[in-house]
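User: Could you show me how to read the contact between two chains? I would like the general idea, then the case at hand.

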There are 2 protein chains.
Amino acid sequence: MVSGAVRPARLGEGDLVELVSPAGAADPAVVEVAVGVLTGWGLRVRLGEHALGRRHDYLSGTDEQRLADVNHALRDPEVRAVVCVRGGYGTQRIVDGVDFAAVRADPKLVMGFSDITALHSALWCEARLATVHGPTGSQLVGGLDSRTVRSARSILFGAEPVVVAAEADEETFGVRVAGRASGVLLGGNLTLLATTAGTRHRPDPTGAILLLEDVGEEPYRVDRSLVQLRRSGWLEGVAGVAVGQFTNCVGEDKVSPTVAEVLAEELGALGVPVLGGLPIGHGEQQVAVGLGVRAVLDADAGSLTIQAVTS
Amino acid sequence: MVSGAVRPARLGEGDLVELVSPAGAADPAVVEVAVGVLTGWGLRVRLGEHALGRRHDYLSGTDEQRLADVNHALRDPEVRAVVCVRGGYGTQRIVDGVDFAAVRADPKLVMGFSDITALHSALWCEARLATVHGPTGSQLVGGLDSRTVRSARSILFGAEPVVVAAEADEETFGVRVAGRASGVLLGGNLTLLATTAGTRHRPDPTGAILLLEDVGEEPYRVDRSLVQLRRSGWLEGVAGVAVGQFTNCVGEDKVSPTVAEVLAEELGALGVPVLGGLPIGHGEQQVAVGLGVRAVLDADAGSLTIQAVTS
């Protein structure tokens, strides 16, 4: 049974937030909007030194640069939240070098998803830090009334549980196994979770509610990742599975199976409650949820309720 | 140090070969050609019961059907070689059910590559069987003079070492770290090797020469798999790396880094000899090589010499 999460303090007016890019290169115009949104919430905002950098087509900087930015933010006692500018690819290249001692000494809010799953898993395994599976800075562009933006603000400043209902227009809505389960919510991006297999940042899944989402992976790739999770112990003892968005996970010129069919077959064999259709992931809008905190998955009522990530 | 391979007997005229489909669905017309080629070599050929089946767009049958075919062939004392009809996807779904006791009791030649890497790894881990990383049945269509076809025939019937030279027109030719190393050749398809991470079919790489090839994976995906190998212990103690073809591994609308740059950066950090440009993999033609047998990688001379897979 996983337990003992460290919950960071919620944000208050005037707190300092640092935007860092552990993975992909960001669009400066988009980052400007993110800075505006966060400033509008009454926060002070600082950009990591290499947050707007670029190396090759897909990284924001060298491993050393990206890691230095992450650690600089994590070590600075004035910084109260670290918001990742975007996902993409590259976080797993640097997570072994994160200053976990600094995290344990001064736990902060950390927010992001997708490739940032590698950071969430590492922070959980090494420091038991509860983190925010929520939008990256690049996704704060939907306007102040967008669900994504409101949800992110609410989870960073609030101390209320988050309730997420399955929605019929989500592609994974039909993926469901009846029942009710509770446990610590872990997980995130399926492909990145499979990439933790065999590493020291594969969390103990015993008793956990596992959150899964993905984007741009053909059904056979989703199947491959799910089977690797199963064969590598990632699914042993899970209490339930919360299935978020699987956006643009379609086969090239292929129609069968759909990603929902793949998920239903593999997750249905686990013998635990499964709830699909959750608006969490790469869809147009997503709800921010805490990882490393307790959740109740009610596949009968169609809801996932997650404890506040902040203390 | 890996050692103690079981080498199957080489084929002789009149031997029975069984064609099975552990992964993707095959084109019957192509299989007909394969049967003709193998028959032309003086072999008797039998088709697995579901070798021409199809389930969804990408499997040749249910897990039970595909596994039953593999085990039927492995258990039949008359069968002297099991040739996989094609790769694709699906082998890892069934490898835990392979009858390894039958393999240990009666070692046979097993040939294939790509998705079949999951079977090679399983046979090595569970039965120390030396296998053939070579064309699937679907690739025996190039005509009797094709290098692929000649190479496959030679390795199945012969008992000579195989010498493979790096070729300047291969995309990975520039990937090279000087030096000379020897060890047991292990590996195959990079993505499938990463998929063994955390499972009981991840071979001990200590002292091995690691063979890598892939197809249709963008450079960032190749990077992701390589980093997972590194973080999961797959590269610990390897004596050298043999880099085959990385076919169509290009980014969508992206130019940097190339797959050769990704390979050079990640493999170059290992501090062991690395030889790219080997015609092994998904290129137009490929040389069949033994896995689980001793090899000498000479990055100075530009050659990989592999012991005969047969006894």
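Analyst: Happy to! Buried area is the accessible area (1.4 Å probe) that two parts lose on being put together, summed over both. Here chain B and chain A bury about 3,300 Å² between them, with 42% of it on carbon and sulfur atoms. B:R93, B:R224 and B:R231 supply 22% of the area that chain B buries against chain A, more than any other three residues. This is a predicted model: local features need pLDDT of at least 70, side-chain atom pairs count only at pLDDT 80 or more, and totals for chains, interfaces and linings use all residues. Side-chain values use heavy atoms, leaving out hydrogens and water, residues are numbered from 1 along each chain as its sequence is written, and chains are lettered from A and ligands numbered from 1 in the order in which they are written.

User: How many residues of chain B are in contact with chain A?

Analyst: Contact means heavy atoms within 4.5 Å. By that rule, 35 residues of chain B are in contact with 35 residues of chain A. The copies meet through the same surface, because 100% of the interface residues of chain B are also interface residues in chain A.

User: How many salt bridges does the rule find across the interface?

Analyst: A salt bridge is a side-chain nitrogen of Lys or Arg within 4 Å of a carboxyl oxygen of Asp or Glu. The rule finds 12 across the interface of chain B and chain A. One of them joins the side chains of B:R221 and A:E217 (2.9 Å, N to O).
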